[in-house]
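Dear colleague,

I am passing on the structure below, together with an account of what was found in it. Please read the notes alongside the coordinates.

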Amino acid sequence: MSKINLVIFNKDLRIADNPALFFASQSPFMPIFIEPNNIGAASKAWLYLAITDLNKKLNGNLKIYSGNCEDILAYIHNSCTINEIFINKSYDRQDELIKDFCHTNNILLNQYNSNYLTDPSEILSNNSSSFKLFAPFFKKISKLELKIDLCQQFIKNNLVSINDSLGHDKIRKCSMDWVHKASLWNPTELQAHKRLLNFISTKFNSYDMERDYPSLESTSKLSPYLHFGQINPNQILHHLPHLNSSFFKELIWREFGNYVLYHNPQIVSENLKATFNAFEWENNEIYIKAWMEGKTGFPIVDAGMRELQTGFMHNRVRMITASFLTKNLLTHWKIGERWFWENLFDADLGNNSLNWQWVAGTGIDTMPQFRVFNPLLQAQKFDPECTYIKRYVTELVDVPISNIHNPYTIKNILYQSPIVNHLATKQVYLNKYSQIRKNN
Ligand SMILES: Cc1cc2nc3c(=O)[nH]c(=O)nc-3n(C[C@H](O)[C@H](O)[C@H](O)COP(=O)(O)OP(=O)(O)OC[C@H]3O[C@@H](n4cnc5c(N)ncnc54)[C@H](O)[C@@H]3O)c2cc1C
């Protein structure tokens, strides 16, 4: 076979505004996808459906490979001789492996920044170091002229595929239960755009006022589509009426998640604040199980943990449940991070680690350590009528709102009484925290 261009899909499972696909398609090209090996069950199901959608648009020519990236590329190069490789950067290990392969084999690598608004290597503070805080990072981004012109469609006629025994046409070994849950979202490129347009026409103007109320469904729910690149932030900005909005700020939090991961890869496993290495987490298994199952006796926490079983959780409730696990149940943030990783369709290494460390107070730019979310006050403020709580904690449907807001008074044999006392455990947390501060 003559020389071909190779497009390697990763976090860019779309055909629109895809520069790697567009430029590769100027001559005969083959699209491939390499299955990630570290992926949670929920996101794997999303991936399965997203890849199926993408493959249809590529006339069934997408080849999916499992295994070691260098071996796969060497195998393809051997079968058909790669001319050039094209990728949209995901800023992950796979990018590095592809770069090394191209270097060793003298193959031209064409890389584009199309999954994020900014390239993390290019955003530095005045003293040329990376930003440690969101506020100055946001300020810097706000001053940039962001590119919002869109790339043209690829040339379909140049698609080719090789017949080999390694490549397959579907993601393997998915949980069918999760595939069913993911299919309710319709994880396609078209649906991502429909969702965006619906959000802009019906929710964008009230987003600032309503985004913290989980019962209102007033956020975009674009996060899984964004994570897998079925839509990119560039396409979102193209449609936004203006950038002066909290919605734009949230998109920049997503940039910051990728940025912090790029500059501090240890964020996935280590406390970014080393003081916390001495913190004595209790990691009580009974409490952890109750938290995971949504049976803590704190209605807003339980509602959130049960919503998570659908593959998603509202941002405000993610903060409440994460604070409860770390600061009331005194559990290491990594345990919660892994549970979210397994159960979220939008599970994202940068965003998940950044946000868990933000809530736990162990990260670089964090909620103040002394601030411990009070799940009772949070419920009163953000779910005053208990609409969200009753949607997921169905045992409480007939319980008066005043009791739900003071769960120590709920007399319902079907519902767990609170497993801890908020104020008492908060105090234990604060004492432990002041201890590590004294010793450092
Ligand atoms: C403990 C914890 C864990 C989290 N884990 C993840 C995760 O694994 N993946 C993930 O995408 N988000 C994560 N988030 C951030 C946030 O909760 C979700 O991005 C948001 O709930 C997605 O809903 P949405 O698309 O309706 O958001 P919208 O409010 O519509 O926001 C638009 C987009 O901005 C981005 N965004 C919004 N909030 C944040 C944020 N705080 N940090 C980073 N990006 C943000 C998302 O891409 C989102 O789709 C986490 C938050 C917490 C507190």
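Glu-217 sits in the loop between α8 (207-210) and α9, and its phi is near 50°, a positive value in a residue other than glycine. Please keep in mind throughout that this is a predicted model.

Thr-81 is not a glycine, yet it has a positive phi of about 60°, and its place is the loop between α3 (69-80) and β4 (82-88). With 12 C-beta neighbours inside 10 Å, Thr-81 counts as exposed, since the cut-off for that class is 12 or fewer.

The overall form comes next. The protein contains 20 helices and 5 strands, and its C-alpha trace spans about 75 × 50 × 45 Å along the principal axes. For 440 residues a compact globule would have a radius of gyration near 22 Å, and the protein has 23 Å, which agrees. Of the 440 residues, 41% count as buried. Among the contacts with a separation of 6 or more, 78% are accounted for by residues 24 or more positions apart.

The domain assignment of the protein gives domain 1 (4-114), domain 2 (176-263) and domain 3 (266-438). The centres of domain 1 and domain 2, taken over C-alpha atoms, are separated by 24 Å, and the contact takes 18 residues from domain 1 and 18 residues from domain 2. On the side of domain 1 that touches domain 2, the residues divide into 12 nonpolar, 1 polar and 5 charged.

Turning to the interior, nonpolar side chains in soluble globular proteins tend to be buried together. In this model the largest nonpolar core has 97 residues, and those with the most contacts inside it are Leu-6, Val-7, Ile-8, Trp-46 and Ile-389. Helix α2 (residues 41-57) gives the largest share of this core, 9 residues. Leaving aside neighbours within four places in sequence, Ile-8 is in contact with Ile-32, Ile-34, Ile-85, Ile-87 and Ile-98.

- Pro-384 is found in the loop between α17 (375-382) and α18 (387-392), and it is exposed, with 12 other C-beta atoms within 10 Å. Pro-384 and Tyr-213 are 171 residues apart in sequence, while their C-alpha atoms are 9.3 Å apart in space.
- Leu-240 lies in the loop between α10 (233-239) and α11, and with 18 C-beta neighbours inside 10 Å it counts as partly exposed. Not counting residues up to four places away in sequence, Leu-240 touches Ile-200 and Phe-248. Leu-240 and Leu-49 are 191 residues apart in sequence and 27 Å apart in space, C-alpha to C-alpha.
- Thr-104 belongs to helix α4 (residues 93-105), and it counts as exposed because it has 11 C-beta neighbours inside 10 Å.

With kind regards

Notes: Residues numbered from 1 in each chain as written. Predicted model: local features only at pLDDT ≥ 70, side-chain atom pairs only at ≥ 80, totals over all residues. Helix = DSSP H or I, 4+ residues; strand = E, 2+ residues; numbered from the N terminus. Buried ≥ 20, exposed ≤ 12 C-beta atoms within 10 Å, placed from the backbone. Domains from an automatic or database assignment. Contact = placed C-beta atoms within 7 Å. Nonpolar A, V, L, I, M, F, W, Y, C, P; charged D, E, K, R; others polar. Rg over C-alpha atoms; globule rule 2.2 N^0.38 Å. Core = buried A, V, L, I, M, F, W, Y, C linked by C-beta atoms within 7 Å.
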